[in-house]
Every structure is written in C-alpha cells, then in structure tokens.
Amino acid sequence: MEYTVTKNNNASVDLNFTFTPDEIEAAFQKAYQQAQKTANIKGFRKGKAPLDMVKRILGESVSEDAINILLSDTMKDLYPKLEHTPYSHPRFEVEKFKRNETLVAKANYETAPVAEIGEYRNIPLETYEIKVSDEEVDKEIQQIQSMLVKLQLKEESEVSAGTDMLEVDIITYPKGEDNKKEQFPKSNIRYFIGKPDNPPGMDVNFLGLRVGEEKHFEYTYPEDYANRQFAGKTFQYEINVQAISSATYPEINDELAIEWDGTQTLNELKAKIASNVQSYYANYFREKYTAIILDKIIENSHFEIPRSLILTEANNIFQDHLHRNNLPQMNLAEFAEKTGDDKEKILENLEKAASRRIKNFLCLNSISNKENISVSDEEVLEYFGKLQGEIENPGQRQSEPGNEEKARISENLQFKKIFDFLIDNSDKKLVKEISVAEANQILSSKE
C-alpha cells in the first residue's frame, strides 16, 4: 500500500491510499470468513457451510465488506504512526476499484483542537474605581424600606390613594391595534403608588380605583428611561384590580437598620451598603476585564478547531437557551419558525458563540499549563465547606461533595485563579473614578 498525508488548515487531514491486488485479495478472504459465520446455505446448518462453497455462492457480493475491512484495518495500523492524532472517525471515499487491479481511496478525519497562544502577559487594560454616592446609598435604603413595608387590606368599597399597593392583572402591548398580538399578560402584579423608581407620571393611572375595576390607558416612557427597551416608546395597558392594601413604611432610622439585618445604626448600614455595592460592581468589572484580556489573547493566537466540536458546542448552547427560558424541547428549525427568525442566521450566531467559548477554554487551559495553575483537593473541600455553611437548613447539608460537584468546584476555582492571574499580570491603567450610573453604562456597552 502507498499513502500520502495532507494536513489542512481547518483542523482536518486528508489521506490518499493506493492498494495492491494482493492486499485487496487478502481483504476479500477476510470478508468471506466473516460471511461464513452467518451464511444460510441449503444443506448446512447456519455458519457451517464450507468456506469454498461460501466463496462460490457469494462471489463479488462481498466487495463492499472487503473494502470496508481493508480501509478499517489500514487505519487501525496507521493510527500510532500518524503525526496528527485523529479527533473523529475518518470519512472514506472510494475513487477507483477493480478487484484484480487496484483500489484507490481517500479518507478525511478531524484532528484534535490546536491552540498556539500569543502573548498573555502585560495586556493593556483600562480600569475604573467605583464611587458610590450618598444619593445611590439612599436609593438602596429606600429599597430596604419598601421591602419592610407593612400592608393592610382595604375594604372593597375604598379607592386607591396615597401610597397604597394595588395587586393587579395586567396586559401590556405596544401602541396600535396591529401590535396587540404582542401583548404580555401578567397576573398578581404588585404596584406601589409613590415608589421613587416608578416611571414618572405613571402613578396617576393607579389612583382612585376600586377592587374589581378595569382600566385601559396608554403611557409613553421618557426618552432617557433606564430600560432602553421602553425608552421613548408608547405602550397600551389594560389592568384589572384584584386587591388594594394600605402601605405603611418604616421610618429611616437606626430601628430600620436593626430590623433589616441586625446592624445597630443607620450609618453603619449605609457604610455596609456602599461597600457591598462596590464589591458588586467590582465583580462585574472583573468579568469585563477578563473578557477584554481574552479578546486580545485570542486576537494574537492561532486556532484550529474541528467543525464537529463547534457544532456540538453550538447545540449545547442552544439546549441551554431552551432550558433557561423554560421552553419545550425542539429542533433549530422549529425554534426558527416559532420566533420568526432565519434558521441559518441563528445557526451562524450559535456557531460564533460556540467558537468563542471553545477558544476561551483553549486559551485558559493553555495558560494554566504554562503557569502551573492548579487547584488542590484541600481548596475544593474548603470552598465546599463554605457553601454548606451558607445553607440555612442543617438537614440539607452534606459532609463532602460528590464526584461531579467536586469536578465542577475544581473547574470554577481553576478559572478564577487564571482570571486573577491574567488581571494581576496585565498592564493596568486607572482611567478614572466613576459613579454607579456610569458603571452601568459601561457594563451595558457591547464594546
């Protein structure tokens, strides 16, 4: 046999084979011997007919089996010798075959993913420091005040007023009859009149109502409304009042702090809130910094990823999307039909996301190997112990993690260590101190 090997740039290899008549004939003999074991020939029990008789009766009909045997045995012998290890089973194609002359065939197989990682230290990184203002802390205090509200159900004859809470069934849809099919019905929604974060001017639509009353109105959101999905748009509302309660809010003082979480003074609670808000945004910016660094590393690296791996990961992402959104099982074509989106475009986006996820993993794995970043069993058990300590019901706590949970914790800790390493070894530059509002704007930006 003669063969040639061609490595492609798309994580695949082409093999070209030319077999001699003797090799072909040896494969036919194996095919006859296999067929003999199951042959039903008159006058003989199954599998007991003489081999010569099996050959005469079957003749050239075992050609396909013989070719498959020859190609399979050849690949089995070649595997240890191949420079590029197969990642998937090869696909064969017969180009020319004549039993007593030659067999010319080719095979294509995918190789394992390849990642040649570029520079990952000293990546330029612009960082920010979050300044939590007194006004932003006060907003958090108002949220706590809202959560500690005391409700008293009102008589059905009474109307909504002041700071009442209305429990309503509500249907919302963009203005215009053509858009009514896009309605979003929700039941048992609580609306608190007078809450600071209510859309400006919305409260008036909930005043003066009684239990059982229906009301239709439209509302146009301000152009600068925080939720950009609604900003500047007009929506139709249909509400049905199910219940009305008077709302009594606690005073904002030391007693509120004690009732909330045992903090002894309001000032201490405010300081704790400011620290928690800073930590909250620091974690999100850490994710953003890591994404920026990985973008740069990927840009300076070379990858060869098997298409089958990308398709498998794309399917995983699709299935995760169905699960997270509590959608029934369906294939991509059914999903595209239900959403009205183009199937090919959805697949393209899934493949892009899958490719990025694989590249991220390959980068992190390579950096972990280069820098000897690892996680010990003690670290896994320590982290698991902290998680168990956060479970309120002692009966639900476990003495030790199972194998799957242990692997998941280890992987998460490993990634965290690598992320910390990348950020610690980046070329950091503090751009400026920013407010929470500016932080939200930066984090929501796709750049």
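**Helix packing and aromatic contacts in the predicted model**

Helices α4 and α6 are roughly perpendicular to each other, a class that covers angles of 65 to 115 degrees. Their axes lie 10 Å apart and pack at an angle of about 110°; axes are lines fitted to C-alpha atoms, for helices over the stretch in contact, and angles run from 0 to 180 degrees between N-to-C directions. Helices are DSSP runs (H or I, at least four residues) numbered from the N terminus. On the α4 side the contact (heavy atoms within 4.5 Å) is made by Val-137, Asp-138, Glu-140, Ile-141 and Ile-144, and on the α6 side by Leu-266, Leu-269, Lys-270, Ile-273, Ala-274 and Val-277. These residues comprise eight nonpolar, no polar and three charged, where Ala, Val, Leu, Ile, Met, Phe, Trp, Tyr, Cys and Pro count as nonpolar, Asp, Glu, Lys and Arg as charged, and the others, Gly among them, as polar.

The model is predicted, with pLDDT of at least 70 required for local features and 80 or more for side-chain atom pairs, whereas totals for chains, interfaces and linings use all residues. Residues are numbered from 1 along each chain as its sequence is written, and side-chain values use heavy atoms, with hydrogens and water left out.

Helix α4 (residues 134–147) also holds Ser-146. Ser-146 counts as buried because its relative accessibility is 15%; the cut-off is under 20% relative accessible area, calculated with a 1.4 Å probe on protein chains only. Beyond its neighbours within four places in sequence, Ser-146 is in contact with Lys-195 and Tyr-249.

Arg-286, Tyr-289, Thr-290, Ile-293, Leu-294 and Ile-297 of α6 meet Lys-416, Phe-419, Asp-420, Leu-422 and Ile-423 of α11. Seven nonpolar, one polar and three charged residues make up the contact of α6 with α11.

The whole structure contains 18 aromatic pairs, defined by ring centres of Phe, Tyr and Trp (its six-membered ring) within 6.5 Å, with planes under 30 degrees apart counted as stacked, over 60 as edge-to-face and the rest as tilted. Phe-17 and Phe-19 are stacked, at 5.8 Å centre to centre and 25° between the planes, and both are buried. Tyr-221 and Phe-230 form a tilted pair, at 5.2 Å and 45°; Tyr-221 and Phe-230 are likewise buried. Ring pairs join Tyr-221 and Phe-230 with Tyr-219, Tyr-225 and Phe-235 in a cluster.

Conventions:
Helices (H or I, at least four residues) and strands (E, at least two) are DSSP runs, numbered from the N terminus. Buried means under 20% relative accessible area, exposed over 50%, partly exposed in between (1.4 Å probe, protein chains only). Angles under 35 degrees count as roughly parallel, over 145 as roughly antiparallel, 65 to 115 as roughly perpendicular and the rest as oblique.
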